[in-house]
Amino acid sequence: MSRVVVITDSVSCIPREMVNQYGIKVVPAATFSFNGTTYVDWVDISPSDALEMLQQWPEGFSTSAIPPTTFSDIFREIGRDAENVLCLTLSGKLSAVSDMARLAGKEIEDENGNIMIRVFDTNTCASAEGLVVLAAARAAQEGKGLDEIEDVARRAAERTHFIGVFGTTKYLHRSGRIPKMAANMGSTLGIKPVFRIEDGSVRLYSVVRNKKRGIDRCLKDMDEKVRGRPIHVAVAHAGVPEEAEELKSRILSQFNCVEAYTTEFSPVMAYSIGPGLAAIGYQIVDK
């Protein structure tokens with residue numbers, strides 16, 4: 001009963017085999033609807049299918065928040081077998097998921113006095129978030145206690161970075177961060193924004209005219225931060241698996257990687273990123 005269960009949201013983009021290997025519980029971050037049918041993020045639809053739907057009929061694709069009971073239901077279920085839960089979420093500046101998890105955690109702690117639920121905001125998202133979750137899950141698998149695992153997650157988050165380049169700006173207006181006219185203009189001109197996650201928010205880092213220059217810019221920024229130290233790497237993509245594998249190979253040849261894998265962006269993320277995005281989550285090893 002003393003074990004710690006690690007939970008995260010589906011935006012962490014952790015490959016299914018790794019979820020199973022480390023016993024991570026994944027909560028859908030959102031639902032979306034298309035042509036009258038509602039889908040649960042990464043539960044009953046694949047990322048590639050979601051991207052196909054988006055391109056077929058962009059205006060028929062919409063997202064919605066998960067029901068408020070989603071976290072309380074899973075916390076209640078876990079409380080039957082475990083006393084400690086660490087729930088790691090994407091940045092609270094990008095989503096209300098962390099707030100929902102905290103409210104649900106308090107509800108279940110009041111209901112079940114034998115369970116302790118901690119919610120940890122990773123201050124990032126996607127594959128970078130996944131690297132923080134994996135650090136915590138490995139610590140849990142080693143038998144560490146809740147305080148120790150939360151500390152592992154905190155140190156991991158401080159050493160984790162996320163940078164990427166969009167394949168198109170066509171869908172970026174859906175995030176609410178840029179006007180639709182600007183997004184369409186960027187798409188017409190072939191502009192490729194390079195972005196980073198900084199202090200939990202998406203920040204424009206650079207603008208380039210083609211994907212190759214964008215990737216070069218990402219790797220240059222990465223090299224300046226890593227400075228030869230060993231790293232964990234997770235390359236995430238939206239519908240471009242071959243590009244992701246090529247990027248992973250390039251990273252393996254240039255950096256000291258103790259772990260490197262590719263993954264797909266969560267289906268619901270297609271709503272605001274569209275196809276073609278390639279991004280790098282990397283975590284500098286804590287010596």
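Residues are numbered from 1 along each chain as its sequence is written, and side-chain values use heavy atoms, with hydrogens and water left out. Because the model is predicted, local features need pLDDT of at least 70 and side-chain atom pairs count only at pLDDT 80 or more, whereas totals for chains, interfaces and linings use all residues.

**The sheet**

Helices (H or I, at least four residues) and strands (E, at least two) are DSSP runs, numbered from the N terminus. Four strands in the order β2-β1-β6-β7 form an open sheet with parallel pairing, where two strands pair if DSSP finds at least two bridges between them. The edge strands, each pairing on one side only, are β2 (25-27) and β7. From one strand to the next the twist averages 25°, with axes taken as lines fitted to C-alpha atoms (for helices over the stretch in contact) and angles running from 0 to 180 degrees between N-to-C directions.

The table lists the pairs with one example of facing residues in each.

| Strand pair | Bridges | Facing residues |
|---|---|---|
| β1 and β2, parallel | three bridges | Asp9 and Val27 |
| β1 and β6, parallel | five bridges | Ile7 and Cys87 |
| β6 and β7, parallel | six bridges | Thr89 and Asp121 |

**Covering of the strands**

In strand β1, six of its six residues are buried, meaning under 20% relative accessible area, whereas exposed means over 50% and partly exposed lies in between (1.4 Å probe, protein chains only). Both faces of β1 are covered, with Val4, Val6 and Thr8 buried on one side and Val5, Ile7 and Asp9 buried on the other. Helix α3 (residues 69-78) packs on the sheet and touches β1, β2, β6 and β7, its direction making about 160° with that of β2; contact means heavy atoms within 4.5 Å. Helix α5 lies across β1, β6 and β7 and runs at about 170° to β1.

Thr89, in strand β6, is buried with a relative accessible area of 0%. Not counting residues up to four places away in sequence, the contacts of Thr89 include Asp9, Val97, Ala101, Asp121 and Glu129.

**Helix α6**

The 13 residues of helix α6 (residues 146-158) should span 18 Å at 1.5 Å a residue, and the end C-alpha atoms are 19 Å apart, which agrees; the expected span is 1.5 Å times one less than the number of residues. Leu146, Ile149, Glu150, Val152, Ala153, Ala156 and Ala157 are the buried residues of α6. Seen down the axis of α6, these buried residues fall within an arc of 155°, so they line one face of the helix, the arc being that of the directions from the helix axis to the C-beta atoms. An α-helix has 3.6 residues a turn, so residues three or four places apart point the same way. On the other side of α6, Asp147 and Glu158 are exposed. The cover over the buried residues of α6 includes β1 (4-9), β6 (84-89), β7 (116-121), α5 (126-141), β8 (160-165) and β13 (278-284).
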